Amino acid sequence: MTPKPSICDLTAKTLAGAIVTGEFSSRDAVEAHLVRIAEQDPQLAAFITVDAEGARRAAQICDAAPAPVGPLHGVPVGIKDLTDTAGLATTYGSVLFRDHVPAEDDLVVARLRRAGAIILGKTNTPEFGFGAVCTNKLCGPTRNPFDPALTSGGSSGGSAVAVAAGMVPLAHGTDFGGSVRTPASFCDVASIRPTPGRIPSPRRPLGWDMLATHGFLARGVDDLELALSVCAGGDANDPLSAGVINDDRSLAGRPRIAVTPDFGVATVARDVRERFATACDALARIADVMPSWLDCSGAIETFRTLRAAHIANSYGELLRTRRAELTPTVIWNIEAGTKLSAEDYLNAERRRTAIYRSFRELFTRADLLVAPAASVFPWPNEISDVTAIDGTALETPIDYLAVTFIVSLVGFPVLTLPVRREEDELPFGIQIIAPPRCESRLFAFGRAIENELGFSHLRPPL
């Protein structure tokens, strides 16, 4: 007889339904996940802060409610510790903010709470989200549940591990250059980086900045779609949320899938290319697969320039006043933007526009674009940066993210799914990319390949 699954094995959607029908209480769900955290987190370091008492109080409110609070009624979730949570420490992964307790929730957190989600704690991140390994002076490294000697990826590694290990069924993340997608690939979970503005950030200082977005990590597509549905929606103080041309459509018949292992410019490891080719062969069973025809020349230099300018603008004052307390990775990231000129910035924006239009042209002939979700497999936590791939030296510590940050550059939504693998193989994921505001197309195709190709999460051998 197949054993009854643990509460911690259930998806967020299934768990919410079970709580509504009375099979479990919200308190049952919270206590089960707190036990899992107590068992696994001392080894894995997925959480910076666990708010057990706050979660119990929230569960009590859910259990006493006369009707379901919302679609995530009673479901425990993790919030990446770059995002403000009212009354709960938000460190941004930095000792400078170890005692910082925000007075207000970030909008994404407020919307999760209104949907009935229970905030179980804050997940680990490198300082200010800058780092290939998910570690900082407060916590970490966050260890990969499939091999604790290896990295979980940055910078939403805490959220990816919390989901993979069953500490929460759903976790929030943020993604600048690949920060939900790389950890998802390394930890065998699914992720969504939606169109910038789909989840508003009304307090973002640079309102038209589309490089960074909120996102989610889960063990399946349905949970990602549910999370996005409760957090999406416009806000007058976020200009990106006002609206984007929407050309979403259902995928009738065999989808047309353009594929690229490297966008023509990224350095990608040979073993990743092999796994990606195998994934494309599987996709060809249910879709018409064709090579992509994108012009991404200059994309790496363009992203470096724009990223550096944004980071220097946001954190330059900290470098001037608190340099000794910052990690070397943060210092490098800030200094990279201090010597840029206005002409450098605008030339990068010009090239970015050309790359965006190349993506738009591709989607006149293809329904979706598929690429690897990481250029390498997870490496040992003791190695702080990827400096070379297959013996080819990389110019900067962020260049190994080119397969993900090129998509950030143009602002197209991305669903990441783990590919089918043997239990002795390391996790590996693919990016499935659609035009802006076409997340429903991603979810529909994602469900198809979960069900028909087995592109889905395998539990780690905890």
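Figure 1. Ser155 lies in the loop between strand 5 (147–151) and helix 5 (157–164). Helices (H or I, at least four residues) and strands (E, at least two) are DSSP runs, numbered from the N terminus. The model is predicted, so local features need pLDDT of at least 70 and side-chain atom pairs count only at pLDDT 80 or more, while totals for chains, interfaces and linings use all residues. Residues are numbered from 1 along each chain as its sequence is written, and side-chain values use heavy atoms, with hydrogens and water left out. The peptide bond from Gly154 to Ser155 is cis, with omega near 0°. A cis bond also joins Gly140 to Pro141, with omega near 5°; Pro141 is in the loop between strand 3 (118–123) and strand 4 (143–144). Most peptide bonds are trans.

Figure 2. Most residues other than glycine have a negative phi. Tyr92, in the loop between strand 2 (76–80) and helix 4 (107–114), has a positive phi near 55°. Tyr92 counts as buried because its relative accessibility is 15%; buried means under 20% relative accessible area, exposed over 50%, and partly exposed in between (1.4 Å probe, protein chains only). Asp188 has a positive phi near 65° and is found in the loop between helix 6 (181–187) and strand 7 (190–193). Asp188 also counts as buried, because its relative accessibility is 0%.

**Figure 3. The nonpolar cores.** A nonpolar core is a set of buried Ala, Val, Leu, Ile, Met, Phe, Trp, Tyr and Cys residues joined through side-chain atoms within 4.5 Å. The largest such core has 121 residues. Those with the most contacts inside this core are Leu72, Phe216, Phe263, Phe359, Ile430, Ile432 and Ile449. A second, separate core has 11 residues, among them Leu96, Phe130, Ile311 and Ile334. In soluble globular proteins, nonpolar side chains tend to be buried together.

**Figure 4. Helix 11 and its surroundings.** Helix 11 (residues 342–362) comprises 21 residues and reaches 31 Å from its first C-alpha to its last. This span is close to the 30 Å expected at 1.5 Å a residue, the expected value being 1.5 Å times one less than the number of residues. Buried in helix 11 are Ala348, Arg352, Ile355, Ser358, Phe359, Arg360 and Leu362. These residues are covered by elements including strand 9 (256–259), helix 9 (299–322), strand 11 (368–372) and helix 12 (402–410). Within helix 11, Ser358 counts as buried because its relative accessibility is 13%. Leaving aside neighbours within four places in sequence, Ser358 is in contact (heavy atoms within 4.5 Å) with Trp293, Leu294 and Asp295.

**Figure 5. The largest pocket.** A pocket is found on a 1 Å grid over the protein atoms alone, as an open set of points with protein on both sides within 12 Å along at least five of seven lines; lining residues have an atom within 4 Å of a point. Grid points are joined across faces, edges and corners, and a volume is the space filled by probe spheres set on the points. The largest pocket holds about 1,300 Å³ of space. Of its 48 lining residues, Leu82, Phe128, Phe176, Ala212 and Tyr315 are the closest to the centre. Two or more lining residues come from each of strand 6 (170–175), strand 8 (213–218), helix 9 and helix 10 (328–335). Helix 9 gives the most, with 9 residues. The lining has 22 nonpolar, 16 polar and 10 charged residues; Ala, Val, Leu, Ile, Met, Phe, Trp, Tyr, Cys and Pro count as nonpolar, Asp, Glu, Lys and Arg as charged, and the others, Gly among them, as polar.

**Figure 6. The second largest pocket.** This pocket has a volume of about 540 Å³. Its lining has 22 residues, of which Trp208, Asp209, Met210, Leu240 and Arg352 lie nearest the centre. Helix 9, helix 11 and helix 12 each give two or more residues to the lining, and the largest share, 6 residues, comes from helix 11. By class, the lining of the second largest pocket divides into 12 nonpolar, 6 polar and 4 charged residues.

Figure 7. In a cavity, a 1.4 Å probe fits but cannot get out. The count comes to 1 cavity of 30 Å³ or more, and the largest cavity has a volume of about 60 Å³. Its lining includes Pro194, Arg198, Arg204, His214 and Asp238, and divides into 4 nonpolar, 5 polar and 3 charged residues.
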